[in-house]
Amino acid sequence: MSAETVPASIPEPPEQEERPGLRSLLLTLQRLSSLVQDREEYDDEFLAPTEAAYNAAWEILAEAAILCRAPTPPGSPAPLGDGGLVVEFNQASRAIRLMMPASVEGAYLYCRGLDEKAVQPATGTDLARLLARMAEA
Amino acid sequence: MSDPAREARLADETEVFRAIKPSWVHPDTGRLSAAAFLRSARDRDGLSVSRSRARAETTYQRQRGVARLLAGDVRGVSLAPPDWPLGMIPDPTDLDPDHALITGLPDPFSPDDGEKDAANQAADALVALASYPA
């Protein structure tokens, strides 16, 4: 994936509205950008996330950032080495993972400790809902 | 013809080491990410580890140490349902005669939701069992 495909800027959160979850998700987007720009991390044996996986993850996180009003921990993106990636949110024994394969098809959200079905659709709406559940729990 | 090396299993007390990429460590907590133990499409035979700490420490050009596991602990992971017994077998290669594989890991991108769940459970269990930094 080329650096040119990385969005040029990450929007600043509105100053007048206190939304700690938004700040965390914007930090997560910054980390996602850094993940794909760090070319020294990858080689023929350990592949960088594909452009499709990166873009799909970005869209889901950006949608969740708009929708989520609950305080959430920042997410930690990580490559799988086959072109896929994972974005993980942890709080105590609870976890939410955005699981994104290289091809994007078959992406899902995994959650643990939230009294929810473990596998959920990978949408920004669902991620915002699960993050709100994580904050309540 | 079967490969005798791969039919053997590592003794329970055998230490194995998994190379850790910098991005597999949570920037806020320093804890391992589940990504370190999720099977990728490239890990068809299993997840690579080494009995040699020195070799594991030089697996990647850039890495952040190694995680240590015991073979018996890995085999003791129980996932439900369905049951996915994990294994630990030697898999010597030209580059690393001490190379070994964690076998039986479910596919995190299987079409079956139960297998996806099991793959994430397995990764969580291995993160909890691993000593990191080792």
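Tutor: Two residues are in contact if their C-beta atoms, placed from the backbone, lie within 7 Å. This is a predicted model, where local features need pLDDT of at least 70, side-chain atom pairs count only at pLDDT 80 or more, and totals for chains, interfaces and linings use all residues. Residues are numbered from 1 along each chain as its sequence is written, while chains are lettered from A and ligands numbered from 1 in the order in which they are written.

Student: How many residues does chain A bring to the contact with chain B?

Tutor: Chain B contributes 24 residues to the contact. From chain A the contact takes 24 residues.

Student: On the side of chain B that touches chain A, how many residues are nonpolar?

Tutor: Ala, Val, Leu, Ile, Met, Phe, Trp, Tyr, Cys and Pro count as nonpolar, Asp, Glu, Lys and Arg as charged, and the others, Gly among them, as polar. On that side of chain B, six residues are polar and eight are charged. The nonpolar ones number ten.

Student: What distance separates the end C-alpha atoms of helix α1 of chain A?

Tutor: Helices (H or I, at least four residues) and strands (E, at least two) are DSSP runs, numbered from the N terminus. The expected span of a helix is 1.5 Å times one less than its number of residues. For the 18 residues of α1(A), residues 20-37, that should give 26 Å, and the computed distance agrees: 26 Å.

Student: Is A:Ala92 buried or exposed?

Tutor: A residue is buried if 20 or more other C-beta atoms lie within 10 Å of its own, exposed if 12 or fewer, and partly exposed in between, with C-beta atoms placed from the backbone. A:Ala92 sits in the loop between β2 and β3 (94-100) of chain A, and has a positive phi of about 50° although it is not a glycine. Because A:Ala92 has 9 C-beta neighbours inside 10 Å, it counts as exposed.

Student: And how does A:Val104 count?

Tutor: A:Val104 belongs to the loop between β3 and β4 (108-112) of chain A, and its phi is near 75°, a positive value in a residue other than glycine. With 16 C-beta neighbours inside 10 Å, A:Val104 counts as partly exposed.
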